[in-house]
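Here's a quick briefing to read alongside the model.

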Amino acid sequence: KFFKSQELALYGNDWIKHPRIAETNMPEGFNQMSKIVDDFMLELGYKHDRINHVYEKIKEGGPENVVIVAHGAFAFSFISNLLDIPYPEFVTTHCCMDCTGVTLLEIWDEIPSPVIIKYNDLSHLDMTVDFKDIGI
């Protein structure tokens with residue numbers, strides 16, 4: 001409930017400065033994740049401008065595709081940092097992340113920020129159930 005509160009929403013991108021959060025270890029963890037994301041993007045050739053919420057392409061020839069396999073908590077934190085969406089806002093609006101859900105993000109030269117193409121996509125799974133096969 002607190003993550004959805006107007007009280008926390010008023011803090012925006014400074015949500016980790018809210019007294020209820022600042023007294024926990026969350027700020028340390030999210031500052032660490034911010035550094036991980038920014039270092040990762042630098043390796044791919046993009047510099048993250050957190051003030052203006054954009055990426056600048058600083059080198060050509062980076063990989064065309066990158067795959068990250070992660071559990072939900074890491075994925076939520078990584079993606080919210082990557083997209084500059086405050087973690088509480090991201091978690092409460094994109095609250096579902098299945099174990100095998102695929103999230104696809106792209107960076108286009110025309111848009112200086114990653115864009116979500118697919119979120120928690122499960123189309124790779126056969127979701128049909130033949131009840132005869134399971135004894136029902």
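Start with helix 4, where A75, F76, S77, F78, I79, S80, N81 and L82 are buried (buried means under 20% relative accessible area, exposed over 50%, and partly exposed in between, using a 1.4 Å probe and protein chains only). Keep in mind that this is a predicted model: local features need pLDDT of at least 70, side-chain atom pairs count only at pLDDT 80 or more, and totals for chains, interfaces and linings use all residues. Residues are numbered from 1 along each chain as its sequence is written, and side-chain values use heavy atoms, with hydrogens and water left out. Helices (H or I, at least four residues) and strands (E, at least two) are DSSP runs, numbered from the N terminus.

**Helix 4 and its surroundings**

- Since 8 of the 11 residues of helix 4 are buried, the helix is largely enclosed by the rest of the structure.
- What do the buried residues of helix 4 pack against? They sit against helix 3, strand 1, strand 2, helix 5 (87-93), strand 3 (102-108) and strand 4 (111-121).
- S77 belongs to helix 4 and is buried, at a relative accessible area of 8%.
- Beyond its neighbours within four places in sequence, S77 is in contact with F30, M33 and Y87 (contact means heavy atoms within 4.5 Å).

**Helix 3 against helix 4**

- The axes of helix 3 (residues 26-44) and helix 4 (residues 72-82) come within 9 Å and cross at roughly 65°. Axes here are lines fitted to C-alpha atoms, for helices over the stretch in contact, and angles run from 0 to 180 degrees between N-to-C directions.
- Helix 3 and helix 4 therefore count as roughly perpendicular to each other (that label covers 65 to 115 degrees; under 35 is roughly parallel, over 145 roughly antiparallel, and the rest oblique).
- Helix 3 passes helix 4 in a right-handed crossing, the term for a near helix turned clockwise from the far one by less than a right angle, with anticlockwise being left-handed.
- On the helix 3 side, F30, M33, S34, V37, F40 and M41 do the meeting; from helix 4 come F74, S77, F78, N81 and L82.
- By class, that contact between helix 3 and helix 4 has 8 nonpolar, 3 polar and no charged residues (Ala, Val, Leu, Ile, Met, Phe, Trp, Tyr, Cys and Pro count as nonpolar, Asp, Glu, Lys and Arg as charged, and the others, Gly among them, as polar).
- S34, in helix 3, is buried, with a relative accessible area of 16%. Leaving aside its neighbours within four places in sequence, S34 touches R50 and N81.

- Strand 1 and strand 2 (residues 54-57) run antiparallel and are joined by 4 bridges (two strands pair if DSSP finds at least two bridges between them).
- H48 has Y55 in strand 2 as its bridge partner, while D49 stands opposite V54 in strand 2.

**Y55 as a meeting point**

- Y55 lies in strand 2 and counts as buried at 5% relative accessibility.
- Not counting residues up to four places away in sequence, Y55 touches V37, M41, Y46, K47, H48, N81, L82, P112, S113 and P114.
- The C-alpha atoms of Y55 and I111 are separated by 8.7 Å, though the two are 56 residues apart along the chain.

**Positive phi values elsewhere**

- D84 sits in the loop between helix 4 and helix 5, just after helix 4. Phi of D84 is near 60°, a positive value in a residue other than glycine.
- D84 is buried, with a relative accessible area of 15%.
- N120, in strand 4, has a positive phi of about 55° although it is not a glycine. At 12% relative accessibility, N120 counts as buried.
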